[in-house]
Each structure stands twice: as structure tokens, then as C-alpha cells.
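Visitor: I am new to reading protein models. Can you take me through one, feature by feature?

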Amino acid sequence: MCIFCKIINHEIPASVLYEDEDVCAILDISQVTDGHTLVMPKEHVENILDCPPVLLSKIMSVAQTLSKDILIKMNAKGINVLTNAKPAAGQSVMHFHVHILPRYDENDRLIIEFKENENKDISIAYQRLTKEL
Ligand code: 5GP
Ligand code: ZN
């Protein structure tokens, strides 16, 4: 059983912020930024790609409500909501979860950088992405 399934089954302790029939939200143990929260399905699905759409919608709805709540209660200036799918994207726990990361200032330990591609050729990606599989 995976570590998040054990948390959901109350076999491992966690700081639970929200729980219903389908969804659970806990404080991330790493606290990359203060109030860093994980929202996950109770059912074990590996990542966003495998999540049934109705369940995904419930998770994102909880993530939205919690994000608003966390923003106010933690006095944050902004918030990042993200999910990593597969190890190449940084997923380390193979039970789908959405990170809520409250943001405070440029020294708040989270660095997300969008570097522009110097050699970009949009037409190649466009051709590939509009071709039938
Ligand atoms: P990922 O890298 O898969 O997107 O994120 C996994 C997250 O789970 C990490 O931010 C890590 O700190 C968190 N995490 C791993 N093990 C535990 C645990 O036992 N308890 C809690 N609360 N968080 C955990
Ligand atoms: Zn699991």
C-alpha cells in the first residue's frame, strides 16, 4: 500500500485539513512554503492522467476552496496550484495529489521559472499536436 493510502486509512498520522467521502487534504510534510497542502483522491490513482474526470473535478473543487481559505488564513500574497505526473515531471509519490503552495515573496523557497526557448519553432509542435493519433 502506498504512503498516501496509509495516511488515508489512518495507519500513518498526518495533519488533515479536509476530508469527505472521496477527497482528503493534508499538510505536506516538507512545507516548501508555509501552509503547503496536498489534495488527493481517497481512491488510489497514480496521477492526473489516470484520474476519472468526475473525481478530478471534485479534487479541483476542494483545491479551489482550500486555496481561498489558505490564502486568507496564512496571509499569503498568491498561490500556486500544481500537480506532477510521472517521475520525469518530479512525481515522487505515485498516488495522485495536487499541491497548493501559498506564496509570500521571492525568498519563500519555491522557484518556478519559465525559460523561453531560444530555438523555438512553434509550427513543428503545432503540426504534431494537430495530427490525428
Ligand atoms: P511529488 O514530488 O510526488 O509531487 O510530491 C510528493 C509530496 O509528498 C512531497 O512534497 C513530500 O514532501 C510529500 N510527502 C511525502 N511523504 C509524506 C508523508 O508521509 N506525509 C506528508 N504529509 N507528506 C509527505
Ligand atoms: Zn495510494
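**Reading the model, step by step**

Guide: H10 is exposed, with a relative accessible area of 58%. Exposed means over 50%, so that value clears the cut-off. Keep in mind that this is a predicted model.

Visitor: Where is H10?

Guide: H10 sits in the loop between α1 and β1 (16-19). Its backbone deserves a look as well. H10 has a positive phi of about 60 degrees, although it is not a glycine.

Visitor: Which residue has a positive phi of about 55 degrees?

Guide: That is N75, again not a glycine. N75 belongs to the loop between α2 and β4. With 65% relative accessibility, N75 counts as exposed.

Visitor: Now the metal. Which protein residues are donors of the zinc ion (ligand 2)?

Guide: Start with the atoms, then look at the angles. C2 and C5 each give an SG atom, while H44 and H95 each give ND1. These donors lie 2.1 to 2.3 Å from the zinc ion.

Visitor: Why is the arrangement around the zinc ion (ligand 2) called tetrahedral?

Guide: First the ideal. Four tetrahedral donors would have angles of 109.5 degrees. Here the four donor atoms subtend angles of 101 to 119 degrees, which makes the arrangement tetrahedral.

Visitor: How are the donor residues of the zinc ion (ligand 2) spaced in sequence?

Guide: The pattern is C-x2-C-x38-H-x50-H. C5 is in helix α1 (residues 3-8), and H44 is in the loop between β3 (37-41) and α2 (53-73). The pair therefore ties together parts that are 39 residues apart in sequence.

Visitor: Is C5 buried or exposed?

Guide: C5 is buried, at a relative accessible area of 13%. H44 is partly exposed, at 40%.

Visitor: Next, ligand 1. Which residues come nearest to it?

Guide: There are 16 residues around ligand 1, and D28, N84, G90, S92 and H99 come nearest. Then check the polar atoms. A polar side-chain atom of N84 is 2.8 Å from an oxygen atom of ligand 1. For V93, a backbone N or O atom lies 3.0 Å from an oxygen atom of the ligand. I29 has a polar backbone atom 3.3 Å from a nitrogen atom of ligand 1.

Visitor: How much of ligand 1 does the protein bury?

Guide: Taken alone, ligand 1 exposes 520 Å², and the protein buries 82% of that.

Visitor: How do I read the two faces of a strand?

Guide: Begin with the general rule. In a regular strand the side chains alternate between the two faces of the sheet. Now take strand β5 (residues 98-103). V98, I100 and P102 are on one side, with H99, L101 and R103 on the other. Both faces are covered, and all these residues are buried. In total, six of the six residues of β5 are buried.

Visitor: Which strands are joined to β5 by bridges?

Guide: Look for the direction and the partners. β3 and β5 run antiparallel and are joined by three bridges. V39 has V98 as its bridge partner in β5. Strand β4 (residues 78-82) also runs antiparallel to β5, with five bridges between them. There N80 stands opposite L101.

Visitor: What separates the C-alpha atoms of M60 and V98?

Guide: M60 and V98 are 38 residues apart along the chain, and their C-alpha atoms are separated by 8.1 Å. M60 lies in helix α2. At 36% relative accessibility, M60 counts as partly exposed.

Key. Residues are numbered from 1 along each chain as its sequence is written. Chains are lettered from A and ligands numbered from 1 in the order in which they are written. This is a predicted model: local features need pLDDT of at least 70, side-chain atom pairs count only at pLDDT 80 or more; totals for chains, interfaces and linings use all residues. Side-chain values use heavy atoms; hydrogens and water are left out. Donors are N, O and S atoms within 2.8 Å of the metal (3.2 Å for Na, K and Ca); water is not among the atoms, so sites may look incomplete. Four donors count as tetrahedral if all angles lie between 85 and 135 degrees; four count as square planar and six as octahedral if opposite donors are over 155 degrees apart and all others between 65 and 115; anything else is irregular. Helices (H or I, at least four residues) and strands (E, at least two) are DSSP runs, numbered from the N terminus. Buried means under 20% relative accessible area, exposed over 50%, partly exposed in between (1.4 Å probe, protein chains only). A residue is near a molecule or strand if one of its heavy atoms lies within 4 Å of it. A polar contact is a pair of N or O atoms within 3.5 Å; within protein, one must be able to donate a hydrogen and the other to accept it, and residues adjacent in sequence count only if both atoms are side-chain atoms. Accessible areas come from the Shrake-Rupley method with a 1.4 Å probe; for residues, only the protein chains shown count as cover. Two strands pair if DSSP finds at least two bridges between them.
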